[in-house]
Amino acid sequence: MTKKLYIKTYGCQMNAYDSVRMQDVMAPLGYSASDTPEGADLIILNTCHIREKAEEKVYSDLGRIRAEKESKKARGEKMLIAVGGCVGQAEGAEIIKRAPYVDMVLGPQSYHQLPEMVTRAIREGGGIVELDFPTVQKFDLLPEITSSQGAAAFLSVQEGCDKFCSFCVVPYTRGAEYSRTPQAIEAEARRLVDQGALEITLLGQNVNAYHGEQNGKTWSLADIIAQLAKINGLERIRYMTSHPRDMSDDLIAIHGAEPKLMPFLHLPVQSGSNEILKRMNRKHDREFYLDIIARLRKSRPDIAFSSDFIVGFPGESDRDFDDTMQLVEQVQYAQAYSFKYSPRPGTPAAVDDRQIAENIKNERLQRLQDLLRHQQTAFNESCVGRTMSVLLDRDGKHDGQLLGKSPYMQSVHVSAPEAFRGQLVDMRMTGAYLNSLAGEIIDNTNLRKAS
Ligand code: 5AD
Ligand code: SF4
């Protein structure tokens, strides 16, 4: 008998990828994917701990799921609830104390243990917590990936972070840096391509710190990209998220040398002030970052950039914030994410006594986002009239529309027949908005079948 598994994913792409792996690990036990929590036999919340808001969301969702569990119970049926991901790792058994209807808590390194945990939870009636960082890594213990991710797939190549930025929980929740072997990565990439992937995004919290070992040789991320680019049928490669410190010469060079590597890079700077960067323990200054940007542009002149910014870090003065605004003016981003600083328990910046008032954070965030929105619109407008190849992998907003991604990660919507789904199509850009472009198909001779 099949059982229903509902996984809700919060936060980053690493979590999205992990959710696919959890789905795969539970399939042999008869669990099939469900789009809704209603009537599910097992619910997994794959959580995010990066900012306070993300964590609050988990607890408010848990309240709703509890009601569902109780109504199932009234019908004489059982529902298991698991909290996974980074809130699971950070809070552990505290979650069950606060929400006793949660049966299992597990960290991101424990997903291979899910089947056993579920069996124990059924037998013991809940209270199962698994937070170890095993010496054997989860990727070696998980079954091969079997779920298709469609035309645009994720592949985790690296996990964890040794950088310890003073605001960030990741080194505590995801643990130390670990790189998968080049062999395992290539095998998984080939499977994804066989299942219809035309684009693969290589994932890692600190993806460009990748250093996998094979036959006594250490591979860099650039080596992996060069190797995957040889796979027939794989047309596009991306990677995220990178740290400026790890933008090595070979990685910068391959942006110019490998056409399958897309001309878009998410390279977080966090702040434009050297004083703040130092106190964030970012291990780079503003000049270093700007030099990397310049070298990448030299290597691949049309490369477009994205970044993360934090405003209102403890001690950030008006002048520090102006430095950030000025850096944004200098780089000209195609898109970016910006956040108010959110103190995270256990991180050094959370106990700094120079915390910034909420109204100042709000005002700075608004000014920064206005500027970033302006740059994003300008970038989108500069694309109108250009021809680009677009990977159409999703439904558009309206009937008869498909949505895809340009080489520069812009969403492009187009009126196109269903047959174009999952394909790379040459399109002319006809309109620009803040968050997307409109396009029209000019030529389908270049149409590459997804499978
Ligand atoms: N407060 C606000 N933003 C944060 N980020 C990480 N930790 C915090 C925090 N404590 C942001 C950073 C990072 C992105 C994933 O989340 O900008 O790059
Ligand atoms: Fe967090 Fe810094 Fe590591 Fe990124 S590099 S995951 S911001 S500690």
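Predicted model: local features only at pLDDT ≥ 70, side-chain atom pairs only at ≥ 80, totals over all residues.
Colleague: Does Gln 183 count as buried or exposed?
Modeller: Gln 183 counts as exposed, at 56% relative accessibility. The cut-offs: buried is under 20% relative accessible area, exposed is over 50%, and partly exposed is in between, using a 1.4 Å probe and protein chains only. Residues are numbered from 1 along each chain as its sequence is written, with chains lettered from A and ligands numbered from 1 in the order written.

Colleague: In which helix does Gln 183 lie?
Modeller: In α8, residues 182-194. Helices (H or I, at least four residues) and strands (E, at least two) are DSSP runs, numbered from the N terminus. Gln 183 and Glu 213 are 30 residues apart along the chain, with 9.2 Å between their C-alpha atoms.

Colleague: And Thr 173: what is it in contact with beyond its neighbours within four places in sequence?
Modeller: Contact means heavy atoms within 4.5 Å. On that basis Thr 173 touches His 49, Cys 86, Gln 89, Ala 90, Pro 108 and Phe 133. Thr 173 sits in helix α7, residues 170-173, and is buried, with a relative accessible area of 2%.

Colleague: At what angle do the axes of α10 and α12 cross?
Modeller: They cross at roughly 35 degrees and come within 7 Å. Axes are lines fitted to C-alpha atoms, for helices over the stretch in contact, and angles run from 0 to 180 degrees between N-to-C directions. From α10, Asp 249, Ile 252, Ala 253, His 255 and Gly 256 meet Ile 292, Arg 295, Leu 296 and Ser 299 of α12. By class that contact has four nonpolar, three polar and two charged residues. Here Ala, Val, Leu, Ile, Met, Phe, Trp, Tyr, Cys and Pro count as nonpolar, Asp, Glu, Lys and Arg as charged, and the others, Gly among them, as polar.

Colleague: On to the open sheet: in what order do its six strands run?
Modeller: The order is β2-β1-β3-β4-β5-β6, with parallel pairing. β2 (31-33) and β6 (128-130) are at the edges with a single partner strand each, so one side of each has no neighbour in the sheet. From one strand to the next, the twist averages 20 degrees. Strands pair if DSSP finds at least two bridges between them; β1 (3-9) and β3 (42-47) have five, and Ile 7 is opposite Ile 44 in β3. Helix α1 (13-26) lies across β1, β2 and β3, at about 165 degrees to β1. Helix α2 (52-74) lies across β1, β3 and β4 (80-84), at about 175 degrees to β3.

Colleague: How many residues of β18 are buried?
Modeller: Five of the five (401-405), so β18 is largely enclosed by the rest of the structure. In a regular strand the side chains alternate between the two faces of the sheet. In β18, Gln 401, Leu 403 and Lys 405 point one way, and Leu 402 and Gly 404 the other. Arg 394 stands opposite Leu 403, and Gln 401 has Ser 415 as its bridge partner in β19.

Colleague: Last one: which residues are joined by a cis peptide bond?
Modeller: Most residues other than glycine have a negative phi, and most peptide bonds are trans. Met 240 and Thr 241 are joined by a cis bond, with omega about 0 degrees. Asn 215, not a glycine, has a positive phi of about 50 degrees and is exposed at 78% relative accessibility. Gln 270 also has a positive phi, near 75 degrees, but is buried at 8%.

Methods
Heavy atoms only, no water.
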